[in-house]
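Hello,

Here is the structure I promised to pass on. Have a look at it first, and my notes on what turned up follow below.

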Amino acid sequence: LAGRAPDDAVRLASLLFPVCGMAQGVACARAIDAALGVDPDPRLEAARDVACLAEAAVSHVWQLAIAWPEAAGVAT
């Protein structure tokens with residue numbers, strides 16, 4: 001990501017791995033903010049937190065949907 005514009009770096013960071021793309025993008029955005037000495041608006045930080053929590057919730061529901069039939073003894 002060296003030499004990329006901050007917006008480009010955030011977009012590309014979220015594409016590096018198929019798992020937790022939102023969290024990776026948020027981590028990259030926060031790293032850029034820290035490197036530039038930017039103090040993000042608390043509402044932006046709250047939105048970033050909510051986006052990461054939503055991504056985690058979707059992941060957990062997806063894993064539950066995959067594992068539930070076997071755990072419940074239901075034939076698939």
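Cys28 is buried, with a relative accessibility of 13% (buried means under 20% relative accessible area, exposed over 50%, and partly exposed in between, using a 1.4 Å probe and protein chains only). Its sulfur is 12 Å from the closest cysteine sulfur, which belongs to Cys52, and that is too far for a bond. A disulfide here is a pair of cysteine sulfur atoms within 2.5 Å, and by this rule the count comes to zero. Cys52 is in no disulfide either, since the nearest cysteine sulfur, that of Cys20, is 8.6 Å away. Cys52 is partly exposed, at 22% relative accessible area.

Before you go further, please keep in mind that this is a predicted model, in which local features need pLDDT of at least 70 and side-chain atom pairs count only at pLDDT 80 or more, while totals for chains, interfaces and linings use all residues. Residues are numbered from 1 along each chain as its sequence is written, and side-chain values use heavy atoms, with hydrogens and water left out.

Now to the helices. Helices (H or I, at least four residues) are DSSP runs, numbered from the N terminus. Two packed helices are described by the angle between their axes and the distance between the axes. The axes are lines fitted to C-alpha atoms, for helices over the stretch in contact, and angles run from 0 to 180 degrees between N-to-C directions.

How do H1 and H2 cross? The axes of helix H1 (residues 6-13) and H2 come within 7 Å, at an angle of roughly 155°. The two are therefore roughly antiparallel, a term for angles over 145 degrees. The crossing of H1 and H2 is right-handed (the near helix is turned clockwise from the far one by less than a right angle; anticlockwise is left-handed). On the H1 side the residues are Pro6, Ala9, Val10 and Ala13, and they meet Gln24, Gly25, Cys28, Ala29 and Ile32 of H2, where contact means heavy atoms within 4.5 Å. By class, this contact has seven nonpolar, two polar and no charged residues. Ala, Val, Leu, Ile, Met, Phe, Trp, Tyr, Cys and Pro count as nonpolar, Asp, Glu, Lys and Arg as charged, and the others, Gly among them, as polar.

Gly25 is worth a look while you are there. This residue of helix H2 is buried, with a relative accessible area of 9%. Leaving out residues up to four places away in sequence, Gly25 touches Val10 and Ser14.

Helix H2 (residues 21-36) also packs against helix H3 (residues 42-72), at an angle of about 155° and with the axes 8 Å apart. H2 and H3 are therefore roughly antiparallel as well, and their crossing is left-handed. H2 brings Gly21, Met22, Ala23, Val26, Ala29, Arg30 and Asp33 to the contact, and H3 brings Glu45, Arg48, Asp49, Ala51, Cys52 and Glu55. Those residues divide into six nonpolar, one polar and six charged.

Best wishes

Definitions and conventions. Parallel < 35°, antiparallel > 145°, perpendicular 65-115°, else oblique.
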